[in-house]
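Me: I would like to learn how to read this structure. Please take it feature by feature.

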Amino acid sequence: SVDLPPMNKRVRVRFAPSPTGGLHLGGMRTVLYNYLFAKQQKGDFILRIEDTDQSRYVAGAEDYIFNCLEWAGLEPNESVVHGGEYGPYRQSERKTTYHQYAEQLVKDGHAYYAFDTTEELEKMRQEFKTESQPSPQYDHTIRMKMRNSLSLPEEETKRLLEKAIPYVIRIKIPEKETISFQDLIRGEVSFDTAVVDDKVLLKADGMPTYHLAVVVDDYLMKITHAFRGEEWLPSAPVHILLWKYLFGLDQMPAWAHLPLILGPSGKLSKRDGAKYGFPVFAMNWTDPKTGELTEGFKEKGFLPEAFINLLALLGWNDGSEQEIFTKDELVDKFSIERVHSGGAKFDYEKAKWFNHEWIKKLPAGALLEPVKVLFAEKGIDIPDLNLVKSIISLVKDRCTLLTDFYEQSHFFFKPPVQYDLGAVKPKWNETKQLFFAELVRNYELAGHWDAATLENNFKEIAAVNELKPGELMLPFRIMLVGGKFGPGVFDIAAILGKEETIVRISQALDAFKNE
RNA sequence: GGCCCGUUCGUCUAAGGGCUAGGACACCACCCUUUCACGGUGGUGAUACGGGUUCGAAUCCCGUACGGGCUACCA
């Protein structure tokens, strides 16, 4: 065999945001798989987004997508914002190119002009609607009954074009042909052209539809691989025919159709998230038209590392029992052939588990920034970063979401404003009061202020007074933090420091007495 | 309706003709811990159904059922 120079892989992901904006889990996973594959092949990762300045889209949709990718660490090498050698990347700036290819298809007899108005199309659908065919298609069975350059006399077509009557260009699908291709995930998939309709390629406004744009762009941008959602499978025959007519089937990129991500009932939707209380977007998105907020994984308290990890495992695994992967490991181990062909239901509980594992796994230093932001939002200034690091180390095992850090550690920065007296009062007595008074005197004289010393002294005093330490630890906890929560009491006291610990005990003793 | 894709514990999945169908989440019990977690040990729980092929099928083939997607001058 001969060693050929490796062909530069150019992996492309292409999509449009929903008209209301946002970027859902399925879209995000498509980006991720394309990214992983591109990096693994040491190729380029290219992002194509439909022009979002069209009226059907909402403002800010494009920036939002790039922000999400930046947060998740999936930035493309080439895109409408990052640039590249194959621009322009905006569809509106490529109009003449699309037009040329569409005209070429007409000239070669693979496409035709259609002058039908919306009303005429509607009328056709009503007219040909039958029991067995509830949604008639514009296909070989009826194209000759419509107003297009195939059914009209040549002069009439010419006249209509000269009069600038609005028209679209439709592909002329062959009547009877079997089309098949090799999907990287599913193997051979085939279709019968008899049931494929004459899709519009060029719209009346001169813009291409997805079908034309994806083929022309992929060719001109030298795309070698493209993974997209399963919902595109039915239109694959149209794209294959366009490749055949325009550039040759040997030029076609390799395709993989990814399974859908399912919600509790059917395809995962924004509504599912709202209904069941879990995020479906990477980051918060507010629809500027309606003001409706859709919560994101980031703001919900997810780490990007966990987000990538859980997304990758939703429909793929490496065959081992490993579930926690860094991005580098994913790049290394990902294989498109191992992606499942069946859809996967999203499980929020498992998603949270991934985040918990990542919080436990990452060193405190890596969590510092998001925790700082969290506390800043709650109006708490963090003075000493090293102190916060030790606090993070102490509590991170019990935090599932980043937002849990507030609940788990706010008392280090603010003394309790009220006490869970119900947990102390019933068993409170003079002896315990005296014990804590003695504890304060002991702690004031303590030379070493560390958890082990504090615990020893605490237990010694308890023994001398013939008290069970167990009965004193809960009151002690409540004195320091106000309730039944937080890490080990002596760890808390050690971090609070001598002065603050003694102040909190004394204040609590007063509060208990007054009750 | 038509076309396409799919189907292993409740969920994500492993097993590519051959061990008692393995792991993870969730759930339950116990241990650890006098807060809550983490952690540890164990448990409940699945090859959609029916036919073939085969010495042998979760695995290959056919049918049925069920689920999903598409069926726009949206992507």
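**Strands, a buried loop residue and the RNA**

Reply: Start with strand β9 (residues 254-258), which is mostly covered, with 4 of its 5 residues buried. Buried means under 20% relative accessible area, exposed over 50%, partly exposed in between (1.4 Å probe, protein chains only). Strands (E, at least two residues) and helices (H or I, at least four) are DSSP runs, numbered from the N terminus. This is a predicted model: local features need pLDDT of at least 70, side-chain atom pairs count only at pLDDT 80 or more, and totals for chains, interfaces and linings use all residues. Residues are numbered from 1 along each chain as its sequence is written, and side-chain values use heavy atoms, without hydrogens and water.

Me: Which strand do 5 bridges join to β9?

Reply: Two strands pair if DSSP finds at least two bridges between them. Here β8 (residues 225-229) runs parallel to β9. Arg-228 stands opposite His-257 in β9.

Me: Is Ile-380 buried or exposed?

Reply: Ile-380 is buried, at 7% relative accessible area. Its place is the loop between α13 (364-377) and α14 (385-395). Contact means heavy atoms within 4.5 Å. Leaving out residues up to four places away in sequence, Ile-380 touches Phe-375, Tyr-406, Phe-413 and Lys-414.

Me: How many residues surround RNA strand B?

Reply: A residue is near a strand if one of its heavy atoms lies within 4 Å of it. For RNA strand B there are 56, and Ser-132 and Arg-186 are among the closest. Helix α12 supplies the largest share of that surface, 5 residues.

Conventions: Chains are lettered from A and ligands numbered from 1 in the order in which they are written.
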